[in-house]
Structure formats: C-alpha cells, structure tokens
Amino acid sequence: MRILLGIGGADDSLQALARTVERAVEAGDELTVAIIDEGGTERSVEEVESAVTETLEENGVDAEIRYVAGDPGSKLVDVAESEGYDRIVLGGGTTSPMGKIQLGSTAEFVLLNSHVSVTLVR
C-alpha cells in the first residue's frame with residue numbers, strides 16, 4: 001500500500017509518525033513523509049525533519065521525505081490523488097473538554113476533500 005503521511009510540528013503528528021512507521025514495517029507499506037509547515041506549532045520544520053529521519057533510521061524504513069509548501073491540506077490531497085497514493089495519514093487532533101474531537105484546519109480540509117482514504121491517528 002502506498003501511504004502519504006502528512007506531518008507537522010504538533011505532538012499528534014509525531015504519534016502518527018510512530019504508528020505509521022510501525023505499520024510500514026509490519027505490512028511492507030511504501031511510505032512517503034510530507035513535512036508541512038502550519039506555523040504556531042511546538043516544533044520547527046527542521047526539528048520535525050530530524051524526528052522523521054531518526055524514526056525512519058531506528059526502524060530501518062526507507063521512505064521519501066518531501067516538503068509541502070502552500071496550503072498544506074490542498075497540497076496533500078493533490079499529491080495523494082495525482083500520484084496514486086492509497087491512503088493519507090494525519091495526526092487526529094485533540095479532544096475538547098466535552099470529549100469531542102477537535103480537528104485542525106489541515107485535517108478537516110483533507111477529510112472533507114480527499115477521494116483517497118484518510119486515517120486519523122489519535
């Protein structure tokens with residue numbers, strides 16, 4: 001399966017990275033990591049790239065790393081659909097005090113507009 005993982009600087013993105021790499025090892029998925037810069041997150045793009053590289057090396061996964069510039073949601077959907085990916089994986093957001101999922105703008109856009117299956121990792 002061809003997987004496109006969209007990852008930014010938030011904690012949920014790093015959780016999605018760990019779980020997606022774990023699955024890639026188990027299932028033999030072809031993984032591409034798309035680093036997005038949403039701004040206002042805990043980590044810079046450089047810190048995210050370092051975490052991605054470290055996680056991939058620790059698990060022996062050979063994955064393409066690319067950068068997504070512009071509107072991240074739109075770009076992720078475009079890349080996934082135009083390049084024949086089977087699934088987009090994203091961090092699943094946070095939970096409100098009332099227990100409801102709160103999605104970021106990128107995750108919401110991808111969920112509402114992608115014709116490719118989307119997995120939210122929580």
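**Notebook: strands, crossovers and cores**

I started with the strand pairing and saw that Leu4 stands opposite Thr32 in S2. Helices (H or I, at least four residues) and strands (E, at least two) are DSSP runs, numbered from the N terminus. I reminded myself that this is a predicted model, where local features need pLDDT of at least 70 and side-chain atom pairs count only at pLDDT 80 or more, while totals for chains, interfaces and linings use all residues. Residues are numbered from 1 along each chain as its sequence is written, and side-chain values use heavy atoms, with hydrogens and water left out.

**Strands.** S1 and S2 pair in the parallel sense over 6 bridges; two strands count as paired if DSSP finds at least two bridges between them. I then checked S2 (residues 30-36) against S3 (residues 64-68), and they too pair in the parallel sense, over 5 bridges. Ala34 stands opposite Arg66 in S3, and Ile35 has Tyr67 as its bridge partner there.

**Crossovers.** I traced S1, H1 and S2 as a right-handed β-α-β unit. Right-handed here means that, with the strands pointing away from the viewer, the path from the first strand over the helix to the second runs clockwise. S2, H2 (residues 45-59) and S3 also make a right-handed β-α-β unit.

**Burial.** Why did I note S2 as largely enclosed by the rest of the structure? Because 6 of its 7 residues are buried, buried being under 20% relative accessible area, exposed over 50% and partly exposed in between (1.4 Å probe, protein chains only). I also looked up Ser13, which lies in helix H1 and is buried, at a relative accessible area of 7%. Not counting residues up to four places away in sequence, Ser13 touches Ile7, Gly8 and Gly91; contact means heavy atoms within 4.5 Å.

**Cores.** The largest nonpolar core has 16 residues, and Leu5, Ile7, Leu31, Val33, Val52 and Leu56 have the most contacts inside it. S1 (2-7), H1 (11-27), S2 and H2 are the elements that give two or more residues to this core. I took a nonpolar core as a set of buried Ala, Val, Leu, Ile, Met, Phe, Trp, Tyr and Cys residues joined through side-chain atoms within 4.5 Å. Leaving aside neighbours within four places in sequence, I found Val52 in contact with Ile7, Leu17, Val33 and Ile65. Another core lies apart from the largest one, with 14 residues, among them Val77, Leu90, Ala107 and Val110.

**Ring check.** Arg2 lies over the face of Tyr85, at 4.1 Å from the ring centre; the test wants NZ of Lys or CZ of Arg within 6 Å of the ring centre and within 35 degrees of the ring normal.
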